[in-house]
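Subject: Structure handover

Hello,

Here is the structure for you to take over. My notes on it come after the structure itself.

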Amino acid sequence: MNENILDKQEQSPSSRMIKKGIAAGFPIMVGYLPIALTYGVLAKQSGMTLTELTLMSVMVFAGASQFMGANMIALGAGAAEIIIATFVLNFRHFVMSLSFMNRLRGMELKWKAPLSLGLTDETFAVSALHTEEANKDKGALFYTALILTAYLSWVIGSFLGGVLGDIIPEKLSQSMGIALYAMFIGLLVPSVKKEFKLGLIALVAMLINALCIQLGMSTGWAIVAGTIIGGMSGIYLLKEEVK
């Protein structure tokens, strides 16, 4: 009797898709937790309250932007500088969202709209490996479970990092600042290995940032200028040569 009930539950499309989504999101969760903890510690160190740093994870959910935002807050940057810099850094999400929406063409808007808000580089990459779920019964639950697994691990990890920021020794929390640079280097190096010109774009952005600071521009606007001009240089450096 009990075995028959369990068999029926296992064959339920909803539970099957949810379990499969959680399983697909588990590797992302494992990768997010230590990074989220580090973000929480650094954000607390930059002067943000536990509520503020947790709400940033709840509302923004973008690791690179949150690290940069916390760093800019620590440097005393204004709200406009932070908003523009994070907007430019996250502009790729427009392209990812369009691709994701096209993949979920058969789903209702009530599913597609909230799911697109949960896209990150990692959830987008994993969802791209599971395109067949979009056409299956209850397939939306797979992507929901995948994104929620990543999202909740990031938010919880950020909160715990903020708590640890008040507990761990100050010297240890300050040393964790290297994680910000390590993360961006970790994102840059694999790309440079595939295309050397991407390294030149990063170099242009760094030089523009350094030049702007030397000219007396605030650190926040220097980051914005370096991000925008460095990104625009890619239009020239990466354009296809016309034969």
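Predicted model: local features only at pLDDT ≥ 70, side-chain atom pairs only at ≥ 80, totals over all residues.

Aromatic residues

The structure holds 10 aromatic pairs. One of them joins Tyr32 and Phe61, edge-to-face, with 6.3 Å centre to centre and 85° between the planes. Tyr32 sits in helix α2 (residues 13-45) and Phe61 in the loop between α3 and α4, so this pair ties together parts that are 29 residues apart in sequence.

Tyr32 also pairs with Trp154, again edge-to-face, at 5.5 Å centre to centre and 70° between the planes. Here the link is between distant parts of the chain: Trp154 belongs to helix α9 (residues 139-165), 122 residues apart from Tyr32 in helix α2. Both Tyr32 and Trp154 are buried; for Tyr32 the relative accessible area is 7%.

Tyr32, Phe61 and Trp154 are part of one aromatic cluster, which also includes Tyr39, Phe67 and Tyr151.

Phe61 deserves a separate entry. Its phi is positive, about 50°, although Phe61 is not a glycine. The loop that holds Phe61 runs between α3 (50-59) and α4 (63-74). Phe61 has 5% relative accessibility and therefore counts as buried, the cut-off being under 20%.

Surface patch

Ile84, Met217, Trp221, Ile228, Ile229, Met232 and Ile235 make a nonpolar surface patch of about 620 Å². Helix α13 (residues 219-237) supplies the largest share of the patch, five residues. Ile229 is found in this helix and is partly exposed, with a relative accessible area of 39%.

Regards

Notes. Residues numbered from 1 in each chain as written. Heavy atoms only, no water. Patch = residues over 30% accessible without salt bridge, like charges linked within 9 Å, V, L, I, M, F, W, Y side chains within 5 Å. Areas by Shrake-Rupley, 256 points an atom, 1.4 Å probe, with all protein chains shown as cover. Salt bridge = Lys/Arg side-chain N within 4 Å of Asp/Glu carboxyl O. Helix = DSSP H or I, 4+ residues; strand = E, 2+ residues; numbered from the N terminus. Buried < 20%, exposed > 50% of the residue type's maximum accessible area, 1.4 Å probe, protein only. Phe/Tyr/Trp six-rings, centres within 6.5 Å; stacked < 30°, edge-to-face > 60°.
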